[in-house]
Amino acid sequence: MSLDAPTVASPDRLAELRRRLRQTGGRRRKLRGLVELLRPYRWRVLAMLVSLVAATGAALAPAPLAKLAIDQGINHHDVGALNMIVLAFLASAGLYWVATYLETYLVGWVGQRALQDLRIQLFKHLQTLSIGFYSRNRAGVIISRLTNDVEALDQLISDGLATLFQSTLMLLGVIVILFVLDPHLALLTFLALPLLAAGAFAFRIASADAYRLTREKIASITGYLQETLSGIRVVRSFGQEPRHLERFAQLNEANRAANMTTVYLNAAYFPLVELLSALFTVEILVVGGIEAINGHTSTGVVFAFIAALNNFFNPIQQLSQLYTTYQSGMAALDKIFELLDEEPDLGDADDAVPLPRLRGELRFDHVSLRYGPDVEGAAWALRDVDLTVAPGETVALVGSTGAGKSSLAKLAARFYDPTLGRVLVDGHDVRAVTASSLRSQMGIVPQEGFLFSGTVRENIAFGRPDASDAEIVAAARAVGADSFIAALDKGYETEVGERGVQLSAGQRQLIAFARALAADQRLLILDEATSNVDVQTETRIEQGLRRLLAGRTAIVIAHRLSTIRYADRIVVLEHGRVIEQGTHDELLEAGGRYWELYKDWAEQAAA
């Protein structure tokens, strides 16, 4: 493999990473996770280690060279020897510069590539999770996993691993040099090791929970910010800015307190290392100075020994500081693994097959559904619904709130699986086909049309990115959206803003209809798609609906019963059961529950 050939982890390798990590537990799992992230870049990692060893060797050279310069050059007045030693100094400095440059570049390259892979893996995994996961978890907390936690891991991979290897090599190299220079002074120096080990152990125990808590607090802040900024219009409408500011201040204070705990620990531990370094330097200076005066050792040895002591205590302090980075990174890795451990509530069966081109028949075969635990006494959202929608038929679902209309639509899209019974599309059980092949042929227009940041054109083409300009315009014209689009400053190239904020509710919904039409899907689900628009816009939408639904199988959920009078069939739900069905005229003539609902709606519309 060429060192310059970028290697981006494939989806298969990322799936394998998840599988391997789940087979390992605890700290071993975390370390293995780091190894798996770096595995595709092992040749660059090897080159990094080689450059790291070279840089460490060059950094260790000054102390022995200083001894030679004093004992063999200065004390003996040997200018030739001194010149050779100076050249060796310059050579070691040049080697250190080159090796450090390569090490820094390779560490950064590998770290960024590995974290790029991790972000892709996390985002890919999020795309597989079921709708229920997003109902249980705040979007801001999820975003924090991909931003704050990955950033904390970046510090560990980009800085921590290099520091770990370099400081360890430096410490081992200094120990060897100290023994070679003077074993007696070396043993005196090593008396500091038990004290440093005890301090490091106490610091490790005290800081583990503290760093995990900081990850949780920053996730809470990110989650609250996302939620509050998304709902800023509601906040201002009710004048609740002071209350939100107070709540944010509380979260911010909790975050500050959590981080101050780590500050107190660092403030107690790291100055202790500095103090021990100073005390043992004084000890060596006194003992070594006396030995040099008495002729038991040379001045060059004492000078080199004290110079080497910096390279003895500095790696220890760097390793101690690394532990804070390690704790923060491991706490972040915990949170990342928790997210990767989330299993989709629904998934493709091992033998799932792609669904062929749909004719559009949809059947609910004695379907029952409950969202809660499958225990005796849990409430049923649907109960023994037996319903068939023929290809090209438009079926409207009506009923009071909680009757089960949206639950039936969610089963059709396989956002949930039925507790009992089957959902069949063209005779295929939806659990036996791949979810992607089902949903690629199904369009859903929700109560509030969701638009992405971008242009009107991009939003209409969202379900079919390869649609031509003519097809996009035709779809907009068919649903009656072309007139208002033409009136926009830049027409189809107008930016709609986040969630389509630049457009009215009716305009957003018309674009959502155009999007569904441009995607040319065989099965459509309209979930109260006209409930948020005014009567004038509703009239335009009704006209667009007739064009949109022509020749397609459709399930239409509506509170405004005017939008479903022309449905091929109307199904009335009550407490999760089908209680009557027929055309608009048939149900009115029957004088049952639909007649009551229509009468109430007509009275409210006339008021």
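Helix H13 (residues 405-412) lies across strands S1, S2 and S4, and its direction makes an angle of about 120° with S1. The model is predicted. The strands that H13 lies across belong to an open, antiparallel sheet of four strands. A further strand, S8 (residues 553-557), is largely enclosed by the rest of the structure, because five of its five residues are buried.

**The antiparallel sheet**

- The strand order in this open sheet is S2-S1-S4-S5, with antiparallel pairing.
- Strand S2 (382-389) and strand S5 (428-429) each have a single partner strand and stand at the edges, so one side of each has no neighbour in the sheet.
- Strand S1 (residues 362-369) runs antiparallel to strand S4 (residues 420-425), and five bridges join the two.
- Within this pairing, arginine 363 has leucine 424 of S4 as its bridge partner.

**Strand S8 and its partners**

- Strand S3 (residues 394-398) runs parallel to S8 and is joined to S8 by four bridges.
- Valine 395 is bridged to isoleucine 555 in S8.
- Strand S7 (residues 523-527) also pairs with S8 in the parallel sense, over five bridges.
- Valine 556 in S8 stands opposite leucine 526.

**Burial of S8**

- Which residues cover the two faces of S8? Thr553, Ile555 and Ile557 lie on one side, Ala554 and Val556 lie on the other, and all are buried.

Methods: Residues are numbered from 1 along each chain as its sequence is written. This is a predicted model: local features need pLDDT of at least 70, side-chain atom pairs count only at pLDDT 80 or more; totals for chains, interfaces and linings use all residues. Side-chain values use heavy atoms; hydrogens and water are left out. Buried means under 20% relative accessible area, exposed over 50%, partly exposed in between (1.4 Å probe, protein chains only). Two strands pair if DSSP finds at least two bridges between them. Contact means heavy atoms within 4.5 Å. Axes are lines fitted to C-alpha atoms, for helices over the stretch in contact, and angles run from 0 to 180 degrees between N-to-C directions.
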